[in-house]
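Please keep the structure open as you read.

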Amino acid sequence: MSRHHETRLREQIATLGRSLFDRGLTMGSSGNISVRLEDGGWLMTPTNACLGRLDPAEISRLGGQGEWLDGHKPTKEHFLHMAMYAERPQSQAIVHLHSTHSVAVSCLPDIDPCDCIPPLTAYYVMRVGRLPLVPYHVPGDPTLGDAVRGLAGKHSAVLLANHGPVVAGKSLEAAVYATEELEETAKLFLLLHGRNPRVLTPEQVAELEARFPRD
Ligand SMILES: [Zn+2]
């Protein structure tokens, strides 16, 4: 891992964190971002940090076992990221937000826990796919990590009940774009709720998945 590459990733985390914050996708000190380093470690946003005001130099660096090496102390939700990476060696970055519309969907009583949002648009299918619901756990409880690990092998994104989405991508940009696609589709789903929308057919979904495989 070149020093230059790590510096660039730190700047990218701060830039994209600020972009998410400025557009209201995350608020207060909620939400966290991580990126895999070539040496087997990770960069992760610090605990109690506002994604809108990250200092690239203060971003936490973790070693290959997830141990904190330097920078500020990592987010308390670090285990969510580690659970996802453990099952997804191909994923290079993870974004976890408490974004409003996605959280709203995670609170609905009548969603399908195997597939929380129907295939409303092609880009949702291409970037997110099937979104399973992870049952509610107290934030920070290690059992939440176990529940995420059970689903992460087959899904690049999961939705934590009454909490928010965890989204992996083959790059930081891809993970951020997928998180934004999920949030916008959650908004569409809420707008259409109770109106019996036409969704993509299983054949249309299968065609998209064959042509545009996710990581
Ligand atoms: Zn959270």
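Leu-159 has Pro-165 of strand E8 as its bridge partner. The model is predicted, so to speak a computed one: local features need pLDDT of at least 70, side-chain atom pairs count only at pLDDT 80 or more, and totals for chains, interfaces and linings use all residues. Residues are numbered from 1 along each chain as its sequence is written, and side-chain values use heavy atoms, leaving out hydrogens and water.

Strand E7 (residues 157-160) pairs with E8 in the antiparallel sense over four bridges; pairing requires at least two DSSP bridges between two strands. Helices (H or I, at least four residues) and strands (E, at least two) are DSSP runs, numbered from the N terminus. Three residues lie between E7 and E8 in their hairpin, and Asn-162 in the turn has a positive phi of about 55°.

Strand E5 (residues 93-96) also pairs with E8, in the antiparallel sense over four bridges. Here His-96 has Val-166 of E8 as its bridge partner. E8 (residues 164-169) is mostly covered, with six of its six residues buried, where buried means under 20% relative accessible area, exposed over 50% and partly exposed in between (1.4 Å probe, protein chains only).

## The sheet

Which order do the strands of the open sheet follow? The eight strands run E4-E3-E2-E1-E5-E8-E7-E6, with mixed pairing. Strand E4 (68-70) and strand E6 (133-134) stand at the edges with a single partner strand each, so one side of each has no neighbour in the sheet.

Strand E1 (residues 32-36) and strand E2 (residues 42-44) pair in the antiparallel sense over three bridges, and Ser-34 stands opposite Met-44 in E2. Helix H6 packs on the sheet, touching E1, E5 and E8.

## Two helices side by side

Helix H1 (residues 3-22) packs against helix H6 (residues 172-192) at an angle of about 10°, with the axes 11 Å apart. H1 is therefore roughly parallel to H6 (angles under 35 degrees count as roughly parallel). Gln-12, Ile-13, Leu-16 and Leu-20 of H1 meet Leu-172, Glu-173, Val-176 and Glu-180 of H6, contact meaning heavy atoms within 4.5 Å.

## The chain as a whole

The chain holds seven helices and eight strands. Its C-alpha trace spans about 50 × 35 × 30 Å along the principal axes, and buried residues make up 48% of the 215 residues.

Notes. Axes fitted to C-alpha atoms, helices over the stretch in contact; angles between N-to-C directions. Parallel < 35°, antiparallel > 145°, perpendicular 65-115°, else oblique.
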